[in-house]
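Open the model in your viewer and keep the selection tool ready.

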Amino acid sequence: MMKVAFIGGGNMGAAIIGGLVGKGFAAAGITVVEPGAASREALAARFGVAVRESAAGLPAQEAIVLAVKPQQMREAVRPLLPLDPATVVVTIAAGIRVGDLSRWLGGHAAIVRAMPNTPALVHAGITGLFAPPSVDAAGRARAEALLAAVGETVWLPREEDLDAVTAVSGSGPAYVFYFIEALERAAAGMGLAPGPARQLALATFLGAATLAKARGEDPAVLRAQVTSKGGTTERALGEMEAAGLGARFVEAVKAARERSRELGEAFGKD
């Protein structure tokens, strides 16, 4: 039984804990450090895990998941010192670089960065992972097992790739929600009642993504299969292309990546 501690029991931390317990991970092996009394009580009642107010004096763990806001990270990890060198530390805080976190942890080397997204809350997420060479195979396996409890995982070869992951899949659900909203507004604007408008928009996005994943084909091929010459889909896509929607969307995602880089620099300043 792996012993793992969560520093922070908010939405994402609770999602991972729920995924682990749901997959048969022993709740007795999980400790959650959460300053809020009400949150501690809720976590203990919901999952049967051990809870504590502070990380000071935390027993040795095989893994520690840092699930606090980036701006809170530096203070949150201070009570963990000194840290067992064998403990793999997994941070899910966007923007916090491995080098900065290692410095705050007194030079601790076994650190894995993870970038999950909000569909993890319903165990349908995807997480980008990065580990420097100082993390051995066992440490990588522990980190992957934790995040696999809430969805798919993908390893990245470079830490800077996580800025792109943040922009694509970390922020990505918001882009999807944005287009669901737009499709729903279009349906309502053409006279459909609110209930059917939302049902059609949601089912269309979910169904299209499910089809794309099941087929494994290039999305451009799938798009062409729906687009008959001179038909309705061609007309709609023509309007989108004329407005430069595709190019603007790509630029927007790149802007999110740049913001991720900026935040990483800001969070790491001494």
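Which residue in β8 is the bridge partner of Leu129? Select Trp155: that is the partner of Leu129. Keep in mind that this is a predicted model.

**Stop one: a strand pair**

Now widen the selection to residues 125-130 for strand β7 and residues 151-155 for strand β8. The two strands pair in the parallel sense, over 5 bridges.

**Stop two: α1 and α2**

Select residues 11-22 for helix α1 and residues 37-47 for helix α2. Their axes come within 11 Å and cross at roughly 15°. Angles under 35 degrees count as roughly parallel, so α1 is roughly parallel to α2. The crossing of α1 and α2 is right-handed. Show side chains next. From α1, Ala14, Ile17, Gly18 and Val21 make the contact; from α2, Leu43, Arg46 and Phe47 do. Colour by class, and the contact of α1 with α2 splits into 5 nonpolar, 1 polar and 1 charged residues.

**Stop three: α6 and α11**

Move to residues 161-170, helix α6, and residues 245-267, helix α11. These helices pack at an angle of about 130°, their axes 8 Å apart. α6 and α11 are therefore oblique to each other. Their crossing is right-handed. On the α6 side, pick Asp163, Ala164, Thr166, Ala167 and Val168. They meet Val253, Ala256, Arg257, Ser260 and Arg261 of α11. By class, the contact of α6 with α11 holds 5 nonpolar, 2 polar and 3 charged residues.

Key
Residues are numbered from 1 along each chain as its sequence is written. This is a predicted model: local features need pLDDT of at least 70, side-chain atom pairs count only at pLDDT 80 or more; totals for chains, interfaces and linings use all residues. Side-chain values use heavy atoms; hydrogens and water are left out. Axes are lines fitted to C-alpha atoms, for helices over the stretch in contact, and angles run from 0 to 180 degrees between N-to-C directions. Helices (H or I, at least four residues) and strands (E, at least two) are DSSP runs, numbered from the N terminus. Angles under 35 degrees count as roughly parallel, over 145 as roughly antiparallel, 65 to 115 as roughly perpendicular and the rest as oblique. A crossing is left-handed if the near helix is turned anticlockwise from the far one by less than a right angle, and right-handed if clockwise. Contact means heavy atoms within 4.5 Å. Ala, Val, Leu, Ile, Met, Phe, Trp, Tyr, Cys and Pro count as nonpolar, Asp, Glu, Lys and Arg as charged, and the others, Gly among them, as polar. Two strands pair if DSSP finds at least two bridges between them.
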